[in-house]
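Let's see what turns up.

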Amino acid sequence: MAFRKAAKGASLIGGGVLAALYGYSQLSEYRKKQARLAQVEAAEQVQMAFQDELPSRQAQLSTLKNADEFDVLVIGGGATGSGCALDAVTRNLKTALVERNDFSSGTSSRSTKLIHGGVRYLQKAILKLDYEQYTMVKEALHERSNLLEIAPHLSAPLPIMLPVYKWWQLPYYWLGIKLYDLVAGTQCLKGSYVLSKTKALEHFPMLKRDKLVGAIVYYDGQHNDARMNLAIALTAARYGAAIANYTEVVRLLKTADVCTGKQRVCGARCRDVITGQEFDVRAKCVINATGPFTDSVRKMDDQKNPNICQPSAGVHIVIPGYYSPDNMGLLDPATSDGRVIFFLPWEKMTIAGTTDTPTDVTAHPIPREEDINFILTEVRNYLSPDVEVRRGDVLAAWSGIRPLVTDPNSKDTQSICRNHIVNISDSGLVTIAGGKWTTYRSMATETLDAAVKAHDLGGGPSQTVGLMLEGAKDWSPTTYIRLVQDYGLEVEVAKHLTATYGGRAFEVAKMAQVTGKRWPIVGKRLVSEFPYIESEVQYAIKEYACTTIDVIARRTRLGFLNVQAADEALPRIVEIMGKQLRWSEQKKREELAAAKQFLHHEMGYKAKSEQLTNMSEIALTSAEVDRYKKRFHKFDKENKGFITTVDVQQVLESISIQIDENTLHEILNEVDLNKNGQIELNEFLQLMSAVQKGQVSDSRLAILMKTVEESLEQREPVSVDRSGGGV
């Protein structure tokens with residue numbers, strides 16, 4: 001064992017020396033790039049006119065239908081596809097982009113929310129002396145710096161703690177993290193540092209104390225992934241790209257090459273998913289940037305093309321913010337099965353993940369219960385036993401599909417490409433596949449370089465380094481103060497708006513309705529515990545939101561943060577969108593049903609609710625059963641064996657508590673397992689058993705009935721016997 005550790009140490013030091021020498025040799029290059037970011041306004045280099053007013057979706061569709069020919073047509077509106085569109089249009093190429101769902105509706109909105117180089121990739125690069133891994137980390141660290149620069153309102157550096165429980169690991173991890181800083185060079189966000197056990201617990205008091213030696217803290221970036229994706233797409237639109245969501249490619253168009261006679265891709269037959277109307281979009285070059293769906297477009301080109309996508313499911317969960325410090329993440333470098341788990345503060349909640357399991361390609365991935373429990377188990381291993389991590393505290397869960405790929409040009413077709421690939425088929429279809437969120441821009445640049453060369457498109461070099469994204473131009477860390485002062489918004493709401501829309505937060509504030517209260521003056525919240533306001537729904541439509549799901553999942557992140565809160569906000573969102581988009585009553589009902597299904601399956605609502613419905617046993621002691629029966633019968637005064645909203649309403653009125661009937665119905669419906677409009681004693685005992693075991697938390701009915709019981713007991717008259725016969 002000692003020899004193995006020594007060998008690893010020697011390999012680490014040897015690789016570290018090589019990395020250090022190479023890193024120092026690259027410092028001049030880094031300084032040039034940093035100077036370019038700091039001194040050059042990339043927007044000034046772009047020749048395209050910037051549109052301050054976004055064209056409507058209908059106007060974009062009209063452009064797609066009526067244009068004779070585009071230089072570039074991008075299929076896919078995720079981070080990479082949107083990045084390709086922005087890169088193309090800022091090269092002065094006539095650009096179009098179509099997305100069959102919504103922008104960022106796939107993997108790009110379901111990430112770990114990190115902008116990172118990849119600590120574990122650097123570890124592999126050093127231990128295996130793998131230059132490819134090293135260059136991937138180096139590229140990602142450069143892109144990390146650029147992304148934080150061009151969208152400061154949507155991203156920020158985040159310290160991440162790596163707890164150490166064995167003394168020999170402290171120098172091992174420290175050297176590895178220091179090399180991570182070294183590879184970043186002048187683009188290192190902040191230097192890493194070592195914490196003693198005492199200091200580590202001060203920064204992360206929830207951490208397990210036993211055997212803790214100390215901790216190492218390093219920095220990576222964090223962002224709002226769906227909003228970042230949208231910002232890239234909207235920036236492309238403002239520079240003149242014709243972009244349209246809910247526009248599906250039915251088939252690729254081909255024409256015979258006049259010189260060779262070969263069939264060449266020359267566009268795509270598209271269908272407006274909302275209206276069903278089909279039309280042709282012609283282009284000199286078509287780029288396939290569809291992530292997990294790469295193979296489906298490749299087979300449109302040629303059915304004989306082999307599959308190159310190796311999909312892998314990554315599940316994340318969201319738990320309450322009190323499980324982690326406000327501004328400190330946690331990295332578990334070696335879980336029970338070797339996977340890496342992150343535990344990060346995000347949007348005042350805590351996000352934990354991710355898993356890595358083979359999966360089928362689907363547009364609607366569902367988080368599995370076993371993956372949720374795996375993450376919870378690993379989290380418990382690193383938190384203090386005093387902190388009870390309950391299954392019922394999972395507020396949302398989602399699954400994203402990583403589009404890992406094999407290189408079709410490689411002799412060994414079984415090997416997974418660690419980075420990304422750009423492939424040009426015999427018919428000219430350009431495919432960009434693989435990679436990761438952080439490197440979307442460099443992937444787009446490489447793709448357009450290849451496309452320009454293969455199709456002789458002209459245009460200049462890429463202009464996207466340092467090019468500010470949507471909302472970044474007029475943003476500063478104090479912008480929210482002006483919103484509070486000028487419009488009378490709550491401070492929390494103003495901070496949220498500037499962190500989401502940047503300098504364009506003022507446009508959202510202008511739409512905000514007067515509350516009728518002394519404070520805040522404007523800005524009605526969709527739900528009380530989140531800073532999302534009603535005017536954001538109106539503004540979402542300007543940002544091409546077409547469905548209720550677009551609003552709860554991507555224009556806001558409510559569905560990703562708390563499925564029950566999102567469910568509560570749905571009726572009002574449907575009402576606002578229905579008025580703006582002139583939906584019929586039937587359309588409103590369909591939108592409400594679709595959004596509920598999305599929350600139920602894709603955001604983990606089903607898995608959360610089944611913690612109660614799947615209970616087959618009531619794991620309570622006889623004393624607990626008696627106590628809960630007593631509580632139940634304070635509402636079931638007629639001993640019917642069940643209670644209804646009427647029973648609860650009568651008891652509440654007797655102690656002067658008022659809850660409207662609709663809210664009361666919602667509270668009881670959460671526990672009504674057989675959906676017969678009443679809560680049987682057995683259902684109530686199942687609820688209390690699930691609460692006891694931590695499978696259900698924050699049950700409104702359980703808390704309400706306990707509160708009422710305590711109130712009633714305080715009001716009960718003192719008996720004559722206890723008062724000595726009244727003498």
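I looked up Asp550 and Arg554 and found their side chains meeting in a salt bridge, 2.8 Å from N to O. The model is a predicted one, which I keep in mind. Asp550 and Arg554 are about one helical turn apart, because they sit four residues apart in helix H18 (residues 548-555). Buried or exposed, I wondered about Asp550? Asp550 is buried, at 0% relative accessible area, and Arg554 is buried too, at 4%.

Next I checked Glu591, which forms a salt bridge with Lys587, with 3.1 Å between the closest N and O atoms. Both lie in helix H21 (residues 585-601), four residues apart. Glu591 counts as buried at 6% relative accessibility, whereas Lys587 is partly exposed at 28%.

Then I turned to Glu470 and Arg504, a salt bridge whose closest N and O atoms are 3.2 Å apart. This pair links distant parts of the chain, 34 residues apart. Glu470 is in the loop between helices H13 and H14, and Arg504 is in the loop between helices H15 and H16. Glu470 is buried at 9%, and Arg504 at 11%.

How many salt bridges does the structure hold? I noted 40.

Last, I followed strand S11 (residues 309-320). Eleven of its twelve residues are buried, so S11 is largely enclosed by the rest of the structure. S11 pairs antiparallel with strand S16 over ten bridges, and there Gly314 stands opposite Gly400. Five bridges join S11 to strand S14, also antiparallel, with Gly353 as the partner of His316.

Note on methods:
Residues are numbered from 1 along each chain as its sequence is written. This is a predicted model: local features need pLDDT of at least 70, side-chain atom pairs count only at pLDDT 80 or more; totals for chains, interfaces and linings use all residues. Side-chain values use heavy atoms; hydrogens and water are left out. Buried means under 20% relative accessible area, exposed over 50%, partly exposed in between (1.4 Å probe, protein chains only). Helices (H or I, at least four residues) and strands (E, at least two) are DSSP runs, numbered from the N terminus. Two strands pair if DSSP finds at least two bridges between them. A salt bridge is a side-chain nitrogen of Lys or Arg within 4 Å of a carboxyl oxygen of Asp or Glu.
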